[in-house]
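The sequence and structure are shown first.

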Amino acid sequence: MARPMRLACTALLTAAAAALAGCGFTPLYASPGVASLSAVQVVAPEGRTGYLIREHLDDALAKDRSATAAYRMDLQLAEARYPRGLRIDNVATRYEYVLTAYYSLVALPSGAQAKTGSVRVQLSYDSADQPYASIAAQQDVADRAAEEAARRIQLELAAWLAARPRG
């Protein structure tokens with residue numbers, strides 16, 4: 001009984017592979033222009049959040065430190081923290097952290113602006129009564145927001161590069 005099931009699965013997988021091969025599906029990163037993501041030099045503002053988003057962007061874009069930069073990305077960050085979940089003594093037990101990253105992609109060496117955009121990330125976190133735990137929670141949410149903002153910027157850039165006409 002196991003052999004007919006294995007044959008049926010093999011036939012099904014072969015048919016699915018043949019159907020996908022004929023549909024014109026091309027993975028996003030198969031596009032030649034998307035490979036230039038690794039040649040983006042990220043310029044982030046000073047500070048902890050600027051450092052975090054630059055590091056996450058370097059990872060997300062698979063930065064090739066040996067390659068000459070084809071683009072420079074200038075970042076501006078806006079951070080806000082809003083109290084949520086107030087206790088009866090008017091002390092917040094939860095906070096909402098909002099990170100907005102505005103980016104401008106500049107083609108090098110011409111200096112022409114190639115693309116601009118922004119991403120907004122909203123996350124919430126618990127505020128503990130212990131000071132160290134509260135600071136650790138604030139730092140953790142900033143790191144998670146920077147990572148998510150970097151991922152969203154990377155997706156926007158990949159889609160933009162894949163859709164650009166070649167020439």
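What percentage of the 167 residues in the chain is buried? Buried residues account for 31% of them. The model is predicted.

## Fold and surface

Three helices and four strands make up the secondary structure of the chain. Their order along the sequence is α-β-α-β-β-β-α.

Taking contacts between residues at least 6 apart in sequence, 63% join residues at least 24 apart. The chain exposes about 10400 Å², and carbon and sulfur atoms supply 57% of this area.

## Aromatic pairs

Two aromatic pairs are found in a search of the whole structure. Tyr71 and Trp160 form an edge-to-face pair, with 6.2 Å from centre to centre and 70 degrees between the planes. This pair links distant parts of the chain, since Tyr71 is in strand β2 (residues 71-86) and Trp160 is in helix α3 (residues 131-163), 89 residues apart. Tyr71 has 9% relative accessibility and therefore counts as buried, the cut-off being under 20%.

Tyr95 and Tyr125 form a stacked pair: the ring centres are 5.8 Å apart and the planes are at 20 degrees. Because Tyr95 lies in strand β3 (residues 92-107) and Tyr125 in strand β4 (residues 113-126), the pair ties together parts that are 30 residues apart in sequence. Tyr95 and Tyr125 are both buried.

## A charge over a ring

Tyr95 also has a charged neighbour: Arg81 lies over the face of the Tyr95 ring, 4.0 Å from the ring centre.

Terms used:
Residues numbered from 1 in each chain as written. Predicted model: local features only at pLDDT ≥ 70, side-chain atom pairs only at ≥ 80, totals over all residues. Heavy atoms only, no water. Phe/Tyr/Trp six-rings, centres within 6.5 Å; stacked < 30°, edge-to-face > 60°. Helix = DSSP H or I, 4+ residues; strand = E, 2+ residues; numbered from the N terminus. Buried < 20%, exposed > 50% of the residue type's maximum accessible area, 1.4 Å probe, protein only. Lys NZ or Arg CZ within 6 Å of the ring centre and 35° of its normal. Contact = heavy atoms within 4.5 Å. Areas by Shrake-Rupley, 256 points an atom, 1.4 Å probe, with all protein chains shown as cover.
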